[in-house]
Amino acid sequence: MGSLSGKTRAVIASRPGGPEVLQIVERPRPVPGEGEILVRVRAAGMNRMDVLQRQGNYPLPPDATDVLGVELAGVVESLGSGANRFTRGDRVMALVTSSSHADWAVVPETTALPIPEGMSFEEAGAVPETYFTVWSNVFERAALKKGETLLVHGGTSGIGTTALMLAKAFGARVIVTAGSPEKCAACLKLGADGAIDYRKQDFVAMSKEMTDGKGPDAILDMVGGDYIARNLEAIAFDGRIAQIAFQQGCKAEVDFRLLRTKLVTLTGSSLRSQPLRTKARLTAAVEEKILPLLSKGQARPLIDSTFPLEKVADAHARMDGGHHVGKIVLVMEMEA
Ligand SMILES: NC(=O)c1ccc[n+]([C@@H]2O[C@H](COP(=O)([O-])OP(=O)(O)OC[C@H]3O[C@@H](n4cnc5c(N)ncnc54)[C@H](OP(=O)(O)O)[C@@H]3O)[C@@H](O)[C@H]2O)c1
């Protein structure tokens, strides 16, 4: 499908289900509105929420379309009225509410960033969702500081690998949990100071042991369930816990006295449903604090695998299998 056809390929889930329900449909190429840019997508990261959306388990924000995908990297094709941050031909990476798993996408210019020189489209397409989420939760909400210890649950996930690398880049110690010896080894290789195989070891006891009995200063949790109570047991005095998902359930029996006696801050957030102004503020923060690191080649996203758009079902199957380490990325190949 060529760039002059006025159409775009787009990935949708025809009904809730496994990877087999995914379809690549032809849609009109979107037109940029006020403050928006049209991007010829070259690569787009996959995230756990794409799987949840495919399964019918993700409540979509009102401005989302049925086309999957919340991040992309590509080349600016045209500008909507009032858009002046970029020019045609610029390489950009961007956060979107939906519709990035397509050849063409419209992006608010305020949630787009220039791709640093030397960074590939595959890497750049894996940046926005995880880096924005990690910046917002680990560094803003949980206020991780240099010299402190961060415990990251799901250490090999797209989010986990990003949190691990960014926290190390900012001078923190990092402990991770992961579900196998191989995944623990992958995290140690990425620079983790400690790795806990949560299937065999108790992360509360282990994380205390690894911090001389003090406990981690901050925890990034995507597991929920009984981790909610156990995080409160593990966390250090004056510690901060950022809750970004509840893969093991969102109901728990918790002794909240620990919140009071240990002076704990318990926080959480959901990036996709935030208003554009919040995403724009985060984009500016990531541009100031993280883009310089990416430009220097530090803390680049870890790519597990890439799949051409037409193999999107294989990409979902890889994420369903749970053996990935880092990000899965879709790559668009179009005629000139
Ligand atoms: N709130 C937000 O704004 C926001 C934004 C982005 C992502 N998220 C959430 O963050 C999580 C990670 O996203 P992602 O795209 O990076 O996904 P991903 O790469 O598929 O990672 C999911 C991770 O969860 C771990 N996991 C799954 N079930 C677990 C369990 N029962 N106990 C312990 N660990 C478990 C897996 O590790 P093991 O294989 O080692 O078990 C895996 O590393 C997802 O839940 C996603 O919904 C939230």
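1. Start with helix H5, residues 181-190. Its buried residues are Lys-183, Cys-184 and Cys-187. Viewed down the H5 axis, these buried residues fall within an arc of 100°, so they line one face of the helix. An α-helix has 3.6 residues a turn, so residues three or four places apart point the same way. Bear in mind throughout that this is a predicted model.

2. What do the buried residues of H5 pack against? They pack against helix H4 (158-169), strand S9 (173-178) and strand S10 (194-197). The face of H5 turned away from the buried side carries Glu-182 and Lys-189, both exposed. Gly-191 follows H5, and its phi is positive, near 120°.

3. Next, the nonpolar cores. The largest has 66 residues. Within this core, Met-93, Leu-144, Leu-166, Val-176 and Leu-294 touch the most other members. Take Leu-166 as an example. Setting aside residues up to four places away in sequence, Leu-166 touches Tyr-131, Val-134, Phe-139, Ile-290, Leu-293 and Ala-299. Another core, of 27 residues, lies apart from the largest one. Its residues include Ile-37, Val-41, Phe-307 and Leu-330. In soluble globular proteins, nonpolar side chains tend to be buried together.

4. Now the charged pairs. The count comes to 19 salt bridges. One of them joins the side chains of Arg-9 and Glu-310, at 3.1 Å from N to O. This pair links distant parts of the chain, 301 residues apart. Arg-9 sits in strand S1 (residues 7-13). Glu-310 is in the loop between strand S14 (303-308) and helix H11 (312-321). Are the two partners buried or exposed? Arg-9 has 14% relative accessibility, so it counts as buried. Glu-310 is partly exposed, because its relative accessible area is 45%.

5. Arg-281 is partly exposed, with a relative accessible area of 42%. Glu-140 also counts as partly exposed, at 29% relative accessibility.

6. Lys-145 and Glu-148 make another salt bridge, with closest N and O atoms 3.9 Å apart. The cut-off for a salt bridge is 4 Å, so this pair qualifies. Lys-145 is partly exposed at 47% relative accessibility. Glu-148 is at 13% and counts as buried. Elsewhere, salt bridges with shared partners join Arg-9, Asp-103 and Glu-310 into one network. Side chains of opposite charge can pair when their charged atoms come close.

7. Last, Val-254. Where is Val-254 found? It is in the loop between strand S12 (240-243) and helix H8 (257-261). Leaving out neighbours within four places in sequence, Val-254 is in contact with Ile-228, Ala-229 and Leu-232. Gly-155 is 99 residues from Val-254 along the chain, and their C-alpha atoms are separated by 24 Å.

How values were computed: Residues numbered from 1 in each chain as written. Predicted model: local features only at pLDDT ≥ 70, side-chain atom pairs only at ≥ 80, totals over all residues. Heavy atoms only, no water. Helix = DSSP H or I, 4+ residues; strand = E, 2+ residues; numbered from the N terminus. Contact = heavy atoms within 4.5 Å. Buried < 20%, exposed > 50% of the residue type's maximum accessible area, 1.4 Å probe, protein only. Arc of directions from axis to C-beta. Core = buried A, V, L, I, M, F, W, Y, C linked by side-chain atoms within 4.5 Å.
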